[in-house]
Amino acid sequence: MSPVSRELFLAGAGVVAGLVGTAGGITSLVSYPALLLAGVAPLQANIANLVAVVACWPGSAVVSQPELRGRGPWLLRWSAVAAVGGTVGSLLLLNTSAGVFGRVVPFLVAAGSLALLFQPWLAARPAWQDDAGRSKALLLPAGLLVLSVYNGYFGAGSGVLLLALLLLTTDPHLATANALKNMVVGAATIASAILFAVLTSVDWAAVAALGAGLFVGSLIGPGVARHLPPSVLRWLVALTGLGLAIRLWDPAG
């Protein structure tokens, strides 16, 4: 793949990833495989993906103003928690060798794909909270921190799990929970991107192409995705992710 073809491919993949990701949290299950297909090594692809996904934040913020109105204090509090988690996850990633990450990534992709498949079931589970609601009060800070650490380390599927968490603990309306999810994921991702820019090498050409597509996709995603059958989209992306995990898995590694 020539450099020009690679950038065009990544930009197109970014549009698709941004479109579906801002509507359901599956951005990295599209964008990360696209980087691998473009010839970027797994660890560098993960770093480039985490930096590029920052481009989804401003687009989703612009189109989600009705859902975010009046949520400023909530966003300040929990975005700080997400940023701390993202930083911790990225520091863990930077201390993981490329060989180890290559062996772990098939399982992370599979976990993200399964999370996507089971998200409706997770969101509907009444057992997450007890009768007094104490579990719900503890679930948001603990779950947000853990998922933000995972987001800073790899990220595929973290948005889906975070969406389920917010539906359970913060707002039962999908559009509002999804808008809040996009903002806290953005906070975690920005913290990770700053850390990577300072501490390691980044494939900025791949980031620029993918990020441009992600920004465009994040602007049109919330409107378009409302008209797509969510179950079809969920199964298509999840099965693609599982296929990628099988392809990446090396039993001899």
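A salt bridge is a side-chain nitrogen of Lys or Arg within 4 Å of a carboxyl oxygen of Asp or Glu. By that definition, the structure before you holds three salt bridges.

Two remarks on the source are needed. This is a predicted model, in which local features need pLDDT of at least 70 and side-chain atom pairs count only at pLDDT 80 or more, while totals for chains, interfaces and linings use all residues. Residues are numbered from 1 along each chain as its sequence is written, and side-chain values use heavy atoms, with hydrogens and water left out.

I begin with arginine 6. Its side chain meets that of glutamate 7 in a salt bridge of 3.1 Å, N to O. Arginine 6 also forms a salt bridge with aspartate 203, where the closest N and O atoms are 3.2 Å apart. This second pair links distant parts of the chain: arginine 6 is in helix α1 (residues 3-24), and aspartate 203 is in the loop between α10 and α11, 197 residues apart. Helices here are DSSP runs of H or I with at least four residues, numbered from the N terminus.

Are these residues buried or exposed? Buried means under 20% relative accessible area, exposed means over 50%, and partly exposed lies in between, with a 1.4 Å probe and protein chains only. Arginine 6 has a value of 14%, so it is buried. Glutamate 7, at 21%, counts as partly exposed, and so does aspartate 203, at 23%.

The remaining bridge joins the side chains of aspartate 171 and arginine 71, at 2.7 Å, N to O. Aspartate 171 lies in the loop between α9 and α10 and arginine 71 in the loop between α5 (65-68) and α6 (72-94), so the pair ties together parts that are 100 residues apart in sequence. Aspartate 171 counts as buried because its relative accessibility is 9%. Shared partners join Arg6, Glu7 and Asp203 into one network of salt bridges.

Let us turn to the aromatic rings. Rings of Phe, Tyr and Trp (its six-membered ring) pair if their centres lie within 6.5 Å; planes under 30 degrees apart count as stacked, over 60 as edge-to-face and the rest as tilted. How many aromatic pairs does a search of the whole structure find? It finds two. One of them, tyrosine 32 with phenylalanine 154, is edge-to-face, with 5.1 Å centre to centre and 80 degrees between the planes. Tyrosine 32 is in helix α2 (residues 28-37), whereas phenylalanine 154 is in the loop between α8 (134-153) and α9 (158-169), 122 residues apart. Both tyrosine 32 and phenylalanine 154 are buried. Ring pairs link Tyr32, Tyr150 and Phe154 into a cluster.

Why is α2 largely enclosed by the rest of the structure? Nine of its ten residues are buried, so the helix is largely enclosed. Among the buried residues of α2 are Leu29, Val30, Pro33 and Leu36. Just after α2, glycine 39 takes a positive phi of about 95 degrees.

Phenylalanine 215, in helix α11, is partly exposed because its relative accessibility is 35%.

Conventions. Helices (H or I, at least four residues) and strands (E, at least two) are DSSP runs, numbered from the N terminus.
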